[in-house]
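My entries follow in the order in which I looked things up.

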Amino acid sequence: MKRPLLTLFAMGWLVLLAVPAGVQAVEAPLTDPALEARAQSLAREIRCVVCENEPVALSSAEIAVDMRKAIRERIAAGDSDAQVRRFFADRYGEFVLLRPRIGMDTFALWGAPLALLLLGGLGLFIASRRSQAAPAAAPSVDDEQALAALKEFENKPAAD
């Protein structure tokens, strides 16, 4: 009785461990190590359009596999890194690049943080200059009134 159960258990584990669903086949690397290094570098710079904030090099989505294959095909065809980036940007938009280029259409993306930082610094500078320029006015206290209040305080009996 133990042997058939053990056989059934082992077969169940073999079926589960055979090939998990969703595992992608590893793409064939380029034959030239320098070209393969370029392909891997580009795969880390191009965003997966399904996963959004994940580069295609780390994504297991089917479209990421296709994008990695397209990168290798473009490099094997002799495209430069800039041409491969432009290919994906033309196809999916500038969003696909993890480091978008600097241009008139991306000026707000690159310029807004710098402009906000400069405006904040200018605001702090103006606020600090205003606080230094106008010292707080000393309260007007009549010396005689202050002495009278002090004497009155000193003459009061201490309440226990």
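The entries below go from the whole chain to single residues.

**Ground rules.** I am working from a predicted model, in which local features need pLDDT of at least 70 and side-chain atom pairs count only at pLDDT 80 or more, while totals for chains, interfaces and linings use all residues. I number residues from 1 along each chain as its sequence is written, and my side-chain values use heavy atoms, with hydrogens and water left out.

**Whole chain.** I looked up the secondary structure, taking helices (H or I, at least four residues) and strands (E, at least two) as DSSP runs numbered from the N terminus, and found six helices and zero strands in the protein chain. I then checked burial, where buried means under 20% relative accessible area, exposed over 50%, and partly exposed in between, with a 1.4 Å probe and protein chains only; buried residues make up 21% of the 160 residues. For contacts, meaning heavy atoms within 4.5 Å, I noted that 49% of those with a separation of 6 or more join residues 24 or more positions apart.

**Cysteines.** I searched the whole structure for disulfides, each a pair of cysteine sulfur atoms within 2.5 Å, and the search gave zero.

**Helix 2 against helix 4.** I looked at how helix 2 (residues 33-45) packs with helix 4 (residues 81-92), and recorded an angle of about 40 degrees with the axes 11 Å apart. Here axes are lines fitted to C-alpha atoms, for helices over the stretch in contact, and angles run from 0 to 180 degrees between N-to-C directions. On the helix 2 side I listed Arg38, Leu42 and Glu45, which meet Asp81, Val84 and Arg85 in helix 4.

**Asp79.** I finished with Asp79, which lies in the loop between helix 3 (62-76) and helix 4. Is Asp79 buried or exposed? Asp79 counts as buried, at 15% relative accessibility. Leaving aside neighbours within four places in sequence, I found Asp79 in contact with Arg38, Arg74 and Val84; Arg38 and Val84 are also among the residues where helix 2 and helix 4 meet.
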